[in-house]
Amino acid sequence: MGFSHTTGHVLLGCCSSAFLMEILMSRKPSSANLVTFLQFFFISLHGFIVTTKLGKVGPKIPLKQYIILVSLFFITTVANNYVYALHVPSTLHMIIRSASSPASMLVYCCVKRQSPKLTNAIGSVLISSGVALAMYGGAPTNEESKGTFLYWCIGVTILLATLFTGAFTGLQQERLYSKYGKHPNEMLFYTHAIPLPLFIGIYPQLKDTSSDLTLDTWLLIGLNILSQFYCTHSVHELATKETSVTVTFILTLRKFVSLLISSIVFKNNLTVYHVIGTVLVALGTYVYFDFFSNRKQRPVTMKTKAN
């Protein structure tokens, strides 16, 4: 695959969004769902104007085909936000989500009934281990005192479940591209526009949160919305070029980059865990993309890239 411009855009956009989100969560943890709603609204508004030409251009992929994809996407996004309210330590939150790459590969192989390339499997495990180790090294020691054990168990269960709903989301997206052609801008619009009515169920929470925000917080939210739009647009573009497993791998790599930025900006203390984690991530990247091989071919053999 190599690191294309699209991959670079994913890393830049998503790391910026994560960085701004971390600042927001440190200031106003209860604003997670409000930020998500505003992200969905902005992306939907942009898509309605640019992609559908104010509703004049119909979808290339039938709307009914989006139902499963949208359901999985919405459930995964909102469920991850609610984990913050259950007082699950943010480090544990990130560590569990760092296992998304092997979870995606497991789901892909079970559904497709194909065995992954050995280098892909080893690389996914290495990079997930590296991210998890680095996150553990940066864990604040006083977070464990928050919340009750029951809430902790519920939160961890939700996180584990969203690993697989997220994997199925990527697989469904790949299936639709394969069957109906690749329309990333259309998919970006409909996956954000269709779930908008579902936010009515949490409208009271959104209203209360929005009425209690300062001007500088609104500015951060605005910057986060723009960076998230750039991130999701780049991810959808990447999904037209790579398998869902590789997309998940890139997003896991993004989490590691975000972690290093967070450690430098907010903590400024890189530990031995970060060093070992960096080595594992670098090694996992080399192994996954088969850079040790002299053959000039794509490392992912489960699906041939359609140009």
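**Close-up 1. Lys53 sits in the loop between helix H2 (32–50) and helix H3 (66–85).** In this predicted model, Lys53 has a positive phi of about 55°, although it is not a glycine. The residue is partly exposed, with a relative accessible area of 44%. Leu54 belongs to the loop between H2 and H3 as well. Leu54 is not a glycine either, yet its phi is positive, at about 60°. With a relative accessible area of 53%, Leu54 counts as exposed.

**Close-up 2. A disulfide joins Cys14 and Cys231.** Welcome to the 1 disulfide of the structure. A disulfide is a covalent bond between the sulfur atoms of two cysteines. Here the sulfur atoms of Cys14 and Cys231 are 1.9 Å apart. The link is right-handed, with 80° about the S-S bond. It connects distant parts of the chain: Cys14 is in helix H1 (residues 5–27) and Cys231 in helix H10 (residues 215–239), 217 residues apart. Cys14 is buried, at 4% relative accessible area, and Cys231 is buried too, at 6%.

**Close-up 3. Arg27 and Asp216 form a salt bridge.** The structure holds 2 salt bridges, and this view shows one of them. Side chains of opposite charge can pair when their charged atoms come close. For Arg27 and Asp216, the closest N and O atoms are 2.7 Å apart. Arg27 lies in helix H1 and Asp216 in helix H10, so the pair ties together parts that are 189 residues apart in sequence. Both residues are partly exposed: Arg27 has a relative accessible area of 46%, and Asp216 has 38%.

**Close-up 4. Lys28 and Asp212 meet in a salt bridge.** The N to O distance between these side chains is 2.7 Å. This pair also links distant parts of the chain, with Lys28 in the loop between H1 and H2 and Asp212 in the loop between helix H9 (203–210) and H10, 184 residues apart.

**Close-up 5. Val10, Tyr66, Met187 and Val235 belong to the largest nonpolar core.** Of the 31 residues in this core, these four touch the most other members. Elements giving two or more residues to the core include H1, H3, H10, helix H5 (100–112) and helix H8 (184–193). Which element gives the most to this core? It is H11, with 6 residues. Leaving out residues up to four places away in sequence, Met187 touches Ile61, Tyr66, Leu69, Gln173, Leu176, Tyr177 and His236. Another core, of 20 residues, lies apart from this one, and among its members are Met21, Met25, Val78 and Leu206.

**Close-up 6. Gln172 is found in helix H7.** Is Gln172 buried or exposed? Its relative accessible area is 10%, so Gln172 is buried. The side chains of Gln172 and Arg175 are joined by a polar contact of 3.2 Å. Setting aside neighbours within four places in sequence, Gln172 is in contact with Gln65, Ile68 and Leu69.

Terms used
Residues numbered from 1 in each chain as written. Predicted model: local features only at pLDDT ≥ 70, side-chain atom pairs only at ≥ 80, totals over all residues. Heavy atoms only, no water. Disulfide = S-S within 2.5 Å. Helix = DSSP H or I, 4+ residues; strand = E, 2+ residues; numbered from the N terminus. Buried < 20%, exposed > 50% of the residue type's maximum accessible area, 1.4 Å probe, protein only. Core = buried A, V, L, I, M, F, W, Y, C linked by side-chain atoms within 4.5 Å. Contact = heavy atoms within 4.5 Å. Polar contact = N/O pair within 3.5 Å; in protein donor to acceptor, adjacent residues only side chain to side chain. Salt bridge = Lys/Arg side-chain N within 4 Å of Asp/Glu carboxyl O.
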